[in-house]
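Here is a short briefing to read alongside the model. Take a look at the structure first, and then we can walk through it together.

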Amino acid sequence: MVWRRKNEEHNPKNLVGTIKYGGGGVLVWGCRSASGLGNLIFIDGLMNQALYLNILRDNLKLSAQNLGIGNNFVFYQDNDPKHTALNVRLWCLYNCPQNLKTPPQSPNLNTIEHIWRELEVRVRKRDIETKSKLKTVMLEEWMNVDAEITKKNSEIYSQKFKSCCGC
């Protein structure tokens with residue numbers, strides 16, 4: 001609970017800045033399937049809908065091909081504004097035959113959240129002093145995530161969606 005005067009809720013003296021995950025880091029995009037992990041893409045600067053669309057164009061289908069699933073996949077993304085932008089929705093309509101949206105940062109519905117957590121745990125065990133070292137370690141650990149983890153993760157979610165969606 002916070003006490004403040006009327007119309008002062010956005011006054012800088014009433015705000016406390018936060019940094020997610022303790023500060024410092026890199027922004028990444030990645031995808032997963034039951035057969036393993038797709039590409040891990042490092043993003044410089046801020047992610048916007050145009051950059052997100054470029055990442056999808058360049059990496060989603062390539063990752064699906066590399067994982068041996070072709071176009072036979074359900075594409076999950078949360079309701080982040082860049083995911084729901086008109087140009088992204090249109091691209092997905094024509095390029096992702098099955099598209100399922102989940103709430104933002106909802107690990108109980110969004111299967112990639114558990115992979116991000118696994119990656120974070122692995123990376124935090126390593127000695128990292130620079131951003132370039134962080135990227136190297138993240139890529140190494142991403143490549144070392146066992147396909148058995150992604151397969152088990154997919155089986156768990158398959159059961160959850162069957163029970164909650166009536167599929």
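Predicted model: local features only at pLDDT ≥ 70, side-chain atom pairs only at ≥ 80, totals over all residues.

**Helix packing and an aromatic pair**

The axes of α3 and α4 come within 10 Å and cross at roughly 125°.

**How α3 meets α4**

- The crossing of α3 past α4 is right-handed.
- On the α3 side, the contact involves Ile112, Ile115, Trp116, Leu119, Arg122 and Val123.
- Facing them from α4 are Leu134, Val137, Met138, Glu141, Trp142 and Asn144.
- Sorted by class, the residues of this contact of α3 with α4 are 9 nonpolar, 1 polar and 2 charged.

**The aromatic pair**

- How many aromatic pairs does a search of the whole structure find? The search gives 1.
- Trp116 and Trp142 make up that pair, which is stacked, with 5.4 Å centre to centre and 25° between the planes.
- Trp116 belongs to helix α3 (residues 112–124) and Trp142 to helix α4 (residues 131–144), so the pair ties together parts that are 26 residues apart in sequence.
- Is Trp142 buried or exposed? Trp142 has a relative accessible area of 2%, so Trp142 is buried.
- Trp116, in contrast, is partly exposed, as its relative accessible area is 22%.

- Glu118 sits in helix α3.
- With a relative accessible area of 26%, Glu118 is partly exposed.
- Between Glu118 and Glu141 there are 9.3 Å in space, C-alpha to C-alpha, and the two are 23 residues apart in sequence.

**How α1 meets α2**

- Helix α1 (residues 49–66) and helix α2 (residues 86–95) have axes that come within 9 Å and cross at roughly 15°.
- From α1, the residues in contact are Gln49, Tyr52, Leu53, Leu56, Arg57, Leu60 and Lys61.
- Their partners in α2 are Asn87, Val88, Trp91, Cys92 and Asn95.
- By class, this contact of α1 with α2 counts 7 nonpolar, 3 polar and 2 charged residues.

Key
Residues numbered from 1 in each chain as written. Heavy atoms only, no water. Axes fitted to C-alpha atoms, helices over the stretch in contact; angles between N-to-C directions. Helix = DSSP H or I, 4+ residues; strand = E, 2+ residues; numbered from the N terminus. Contact = heavy atoms within 4.5 Å. Nonpolar A, V, L, I, M, F, W, Y, C, P; charged D, E, K, R; others polar. Phe/Tyr/Trp six-rings, centres within 6.5 Å; stacked < 30°, edge-to-face > 60°. Buried < 20%, exposed > 50% of the residue type's maximum accessible area, 1.4 Å probe, protein only. Left-handed = near helix turned anticlockwise from the far one by under 90°.
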